[in-house]
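Please look over the sequence and the model first.

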Amino acid sequence: MVFLYGGSWNSGRREEYRFLGEALASAGVLTVIPDYRLYPEVTYPSFLEDNARAVAWVFQHIHRYGGNPQNVFLMGHSAGAYNAAMLALDPRWLGARGLSPASLRGWIGLAGPYDFYPITYRNVRPIFHHPDYPARSQPVDFVGDDSQVPVFLGAARHDHLVDPKRNTEGLATLLRGAGTPGVERIYTGVGHQTLIGAFARTLRWMAPVRQDVLRFIAQESQSSGVRTATAAAPVASRSRDSGSGR
């Protein structure tokens, strides 16, 4: 699993998500959490290029950690879910690294913004060059006959930061119309932040998001004939300033 954290593309560090890595690794899912450049250092699309570089590193090197490059999943939360969706739906980013969305076994988006123009959140506007929004920079722009990578989309019903109806439910509807295999879950009892927080051991009572994601991973791995791990695996990650994808 490659996990891309959120933070409105202007905040976040991999160290803050050790709980997520531990939640997956304890279930036998080798987990990589890369850092990527943020605003004001960069704007769109540089963070997508960083994410694609990290994913490419995983395909090239994960066997050293006991991982299987034929069984790579991509997951993101909030802004990270946008990043994951773009890599999984828009072939430009992985294509620049000699890969394609079809290289992924599946992808998971949690509380992601997938259709958010015009931008109302002022802190995000300069990241996407408001008011001159880049063309074809929304995940919904890329849903079509080629959108066949299995997907799990989850959101909190009462998310006051990213509208789940427009974003998660809207993208899920488009993907279903394109024949994309997937799972959609809308959770009660959690909000935008606690949706990802529910992976932590002390907060799992809030929503079954961890077990749902693990079930999705197991099902897609088994359907491809890939044997899933049976023991915990360490968290691998890279330094933001290394530029190496590690």
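The sections below cover the basis of the model, a serine, the nonpolar core and a leucine.

## Basis

This is a predicted model, in which local features need pLDDT of at least 70 and side-chain atom pairs count only at pLDDT 80 or more, while totals for chains, interfaces and linings use all residues. Residues are numbered from 1 along each chain as its sequence is written, and side-chain values use heavy atoms, with hydrogens and water left out.

## Ser78

Ser78 sits in the loop between β3 (73-77) and α3 (79-89). Helices (H or I, at least four residues) and strands (E, at least two) are DSSP runs, numbered from the N terminus. With a relative accessible area of 8%, Ser78 is buried; buried means under 20%, exposed over 50%, and partly exposed in between (1.4 Å probe, protein chains only).

Apart from residues up to four places away in sequence, Ser78 touches Gly6, Leu110, Ala111, Gly112, Pro113 and His192, where contact means heavy atoms within 4.5 Å.

## Nonpolar core

The largest nonpolar core has 78 residues. Such a core is a set of buried Ala, Val, Leu, Ile, Met, Phe, Trp, Tyr and Cys residues joined through side-chain atoms within 4.5 Å. Phe47, Met75, Trp107, Ile108, Phe128 and Phe199 have the most contacts inside this core. Its largest share, nine residues, comes from α3.

Beyond its neighbours within four places in sequence, Phe128 is in contact with residues including Trp9, Tyr44, Phe47 and Tyr82.

## Leu203

Leu203 lies in the loop between α6 (192-197) and α7 (209-223). Its relative accessibility is 29%, so Leu203 counts as partly exposed. Not counting residues up to four places away in sequence, Leu203 touches Gly197 and Ala198.
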